[in-house]
Amino acid sequence: MRALLTKVEQASSLDRTGDRLQRVVLSTLRPRRLRDLLHGVTLGHPLHPAMVQVPVGAWISAAVLDLMPGQRRPATVLVGLGTVSAVPAAIAGLNDWAALARDQRRVGLVHAAANTVGLTLYAGSLAARLSGRHGVGRALGFLGLSTVSLGAYIGGHLAYKQGAQVNQSISELHRMTDGWHSLADMATLPQRTLITREVDDDISVILYRHGDEVTVMLERCPHQSGPLGEGEVQEIDGHACVVCPWHGSAFRLNGGEVVQGPSGNDQQILPTRIQNGVLQTRLP
């Protein structure tokens, strides 16, 4: 299975279909507020993984009830709940998928295809149950659960092997040594200008001075490791924010909160202090 998914990552033949679907998704989900909502910007956490708990939980529960006598009605209700709730979860997933790198989109396309087949099987299961053909409904339900379980496995590969929609920058903290690290003389820091510095010689951070306050933030964008130090500072909803030059994710410079997707994760801010006129930072 690992070798097969590695081949899927490299399957450029999927790009034509993937590129067309990406254009459809981006043109359909055009309003930024809608895309940000589906990315989980308001939560500071991707929304899709949370939403899939409802259909998956309902379908697994229905499968358990299908193995017990006299549970046709509640099993049918759970199959219906799972089928209906899978639709908005899929929309959120497609919104995230459209902002991924090409190799991630290839695997995501197979993930979506497996879940689409599973959803179709569950829709058929629901129709069969409502028409009184409970044996057929149970069979289609078990087939659907098997298919969406395969889709979940592929989704795990996408998230944990390929890093889709996980925080790409947090690993920088794990490489930072303990203690305070000197970054710059306060007298040399310009006002309201992004400055890039390094901690431990290879961990890049950005500095932003506003009056006597200085923000120190990890420089790699959580979404796809874009260089925030090359981004622009914009005022969004009354807050100074750094906007990633790669995909447009924006983070508040006074707290690190994500205010604009496709990132669904906040950016890490580091503690600071001034010692003898020198700005220093450390691990949170």
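Among contacts in the protein between residues at least 6 apart in sequence, what percentage join residues at least 24 apart? The figure is 58%, where a contact means heavy atoms within 4.5 Å. The structure is a predicted model, in which local features need pLDDT of at least 70 and side-chain atom pairs count only at pLDDT 80 or more, while totals for chains, interfaces and linings use all residues. Residues are numbered from 1 along each chain as its sequence is written, and side-chain values use heavy atoms, with hydrogens and water left out.

On to the overall build. The protein has nine helices and eleven strands; these are DSSP runs numbered from the N terminus, with helices being H or I of at least four residues and strands being E of at least two. Taken along the principal axes, the C-alpha atoms fill a box of roughly 80 × 40 × 35 Å. Of the 284 residues, 47% count as buried, with buried meaning under 20% relative accessible area, exposed over 50% and partly exposed in between (1.4 Å probe, protein chains only).

Next, the annotated helical stretches. UniProt, in an unreviewed entry, puts the feature "transmembrane region" at residues 75-95, 107-128 and 140-160; such positions are given in the numbering used here, feature names are shortened, and annotations may be inferred rather than shown by experiment. In the model, residues 75-95 are 100% helix and 0% strand, and their end C-alpha atoms are 31 Å apart. Residues 140-160 are likewise 100% helix and 0% strand, with end C-alpha atoms 30 Å apart. Asn95 sits in helix H6 (residues 72-97) and is buried, with a relative accessible area of 3%. Setting aside neighbours within four places in sequence, Asn95 is in contact with Val25, Leu29, Arg35, Leu38 and His39.

The "domain: Rieske" annotation, from the unreviewed UniProt entry, covers residues 180-281. Here the chain is 0% helix and 50% strand, and the end C-alpha atoms are 5 Å apart.

Then there are the cores, a nonpolar core being a set of buried Ala, Val, Leu, Ile, Met, Phe, Trp, Tyr and Cys residues joined through side-chain atoms within 4.5 Å. The largest has 17 residues, and those with the most contacts inside it are Met176, Leu183, Leu189, Val205, Leu207, Val216 and Leu279. At least two residues of this core come from each of strand S1 (181-185), strand S2 (194-199), strand S3 (203-210) and S4. Apart from it lies another core, of 14 residues, among them Val25, Trp97, Ile154 and Ala164. Not counting residues up to four places away in sequence, Met176 touches His181, Val199, Asp200, Ile203, Leu270, Arg282 and Leu283.

The loop holding Ser225 runs between strand S4 (213-218) and strand S5 (232-236), and Ser225 counts as partly exposed because its relative accessibility is 23%. Finally, a cis peptide bond joins Gly261 and Pro262, with omega about 20 degrees; Pro262 is in the loop between strand S8 (258-260) and strand S9 (269-270).
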